[in-house]
Amino acid sequence: MSLEIIICDDDFVHRSILRDFLCKVLEEEFLEYNLLEFSSGEELLESYPKKADILFLDIQMNDLSGMDTARKIREFDSNVEIIFTTAIAQYVFEAYEVKAYRYLLKPLEYEEIKRQLKLCISEYLNRHSIVSIESRKETIVLPVDEILYAEVQRKEVTIYTKDKTYTIEVSMKKVERKLLN
């Protein structure tokens with residue numbers, strides 16, 4: 001399973017900075033992800049994906065604002081985590097109306113993006129009955145209800161799901177602890 005992450009910002013420079021930050025964090029965490037980018041709220045709404053996990057949304061955009069875009073998205077998607085990225089603080093209270101996860105002020109800082117993204121992913125995984133199992137080399141993220149069984153051979157655990165098999169270098173005890181939670 002991979003995380004579906006969206007960036008919507010009409011400023012190419014801000015979009016590319018955020019893209020670089022997100023890719024770096026997600027790769028450091030060895031998480032699978034798909035990253036989509038949009039330059040306007042209209043473009044996002046026209047091509048909204050079937051599944052979206054986290055949306056980084058600028059508020060000040062031409063034509064349709066990020067806040068109006070978020071309101072429209074909430075009409076059909078109550079699950080996506082919205083993280084507003086903006087240069088102005090005056091809309092922070094409106095962000096509560098659309099159940100935004102965070103409200104981050106530009107210029108964006110890598111450490112703050114890293115901290116907030118990791119928190120957001122952790123909370124998202126907990127809320128959606130998804131387990132994240134880490135080894136020194138990689139992290140796999142799976143919906144709990146897709147796991148059929150797991151077996152251990154030497155220092156590797158193989159997890160069997162409906163569609164795929166995952167082999168990871170981790171102890172069975174660690175896998176059991178994750179699944180019991």
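## A walk through the predicted model

Visitor: Which side chain of opposite charge is nearest to aspartate 77, and is aspartate 77 buried or exposed?
Guide: This is a predicted model, and in it aspartate 77 is buried yet has no salt bridge. A salt bridge needs the nitrogen and oxygen within 4 Å, and the nearest side chain of opposite charge is 4.9 Å away. That side chain belongs to arginine 74.

Visitor: Where is aspartate 77, and with which side chain does the side chain of aspartate 77 make a polar contact?
Guide: Look in the loop between α3 (66-74) and β4 (81-86). Leaving out residues up to four places away in sequence, aspartate 77 touches Tyr48 and Ala52. The polar contact, at 2.6 Å, is with the side chain of tyrosine 48.

Visitor: How many helices and strands are there in the protein?
Guide: Let's step back for a moment. The protein has 181 residues, and 46% of them count as buried. Its C-alpha atoms fill a box of roughly 60 × 30 × 25 Å along the principal axes. The count is six helices and ten strands.

Visitor: Which element gives the most to the largest nonpolar core?
Guide: That core has 26 residues, and Ile5, Leu22, Ile54, Phe56, Leu117 and Ile121 have the most contacts inside it. Two or more residues each come from β1 (3-8), α1 (12-28), β3 (54-58) and α5 (110-127). With seven residues, the element that gives the most is α5.

Visitor: Which residues does leucine 117 touch?
Guide: Leucine 117 is among the residues with the most contacts inside the largest core. Not counting residues up to four places away in sequence, leucine 117 touches Leu22, Val25, Leu26, Ile54 and Phe56.

Visitor: How many of the residues of strand β7 are buried, and which residue there is the bridge partner of isoleucine 133?
Guide: Five of the five residues in β7 (139-143) are buried. A hairpin of four residues joins β6 to β7, and the two strands pair in the antiparallel sense over five bridges. Within β7, the partner of isoleucine 133 is isoleucine 140.

Visitor: How far apart in space are tyrosine 91 and methionine 67?
Guide: Tyrosine 91 sits in the loop between β4 and α4 (92-97). Not counting residues up to four places away in sequence, it touches Ile59, Met67 and Tyr103. Tyrosine 91 and methionine 67 are 24 residues apart in sequence, while their C-alpha atoms are separated in space by 8.3 Å.

Visitor: Why does tyrosine 91 count as partly exposed?
Guide: Buried means under 20% relative accessible area and exposed means over 50%, with partly exposed in between. Tyrosine 91 counts as partly exposed because its relative accessibility is 23%.

Visitor: Which residue forms a salt bridge with lysine 118?
Guide: Side chains of opposite charge can pair when their charged atoms come close. Here the closest N and O atoms are 3.3 Å apart. The pair links distant parts of the chain, 89 residues apart, from helix α5 to the loop between α1 and β2. The partner of lysine 118 is glutamate 29.

Visitor: Which residues are linked with Arg19 in a network of salt bridges?
Guide: Start with arginine 19 and glutamate 37, whose side chains meet in a salt bridge (2.3 Å, N to O). Arginine 19 is in helix α1 and glutamate 37 in strand β2 (residues 33-38), 18 residues apart. The residues in the network with Arg19 are Arg15, Asp20 and Glu37.

Terms used: Residues numbered from 1 in each chain as written. Predicted model: local features only at pLDDT ≥ 70, side-chain atom pairs only at ≥ 80, totals over all residues. Heavy atoms only, no water. Buried < 20%, exposed > 50% of the residue type's maximum accessible area, 1.4 Å probe, protein only. Lys, Arg positive; Asp, Glu negative; His and termini not counted. Polar contact = N/O pair within 3.5 Å; in protein donor to acceptor, adjacent residues only side chain to side chain. Contact = heavy atoms within 4.5 Å. Core = buried A, V, L, I, M, F, W, Y, C linked by side-chain atoms within 4.5 Å. Pairing = 2+ DSSP bridges.
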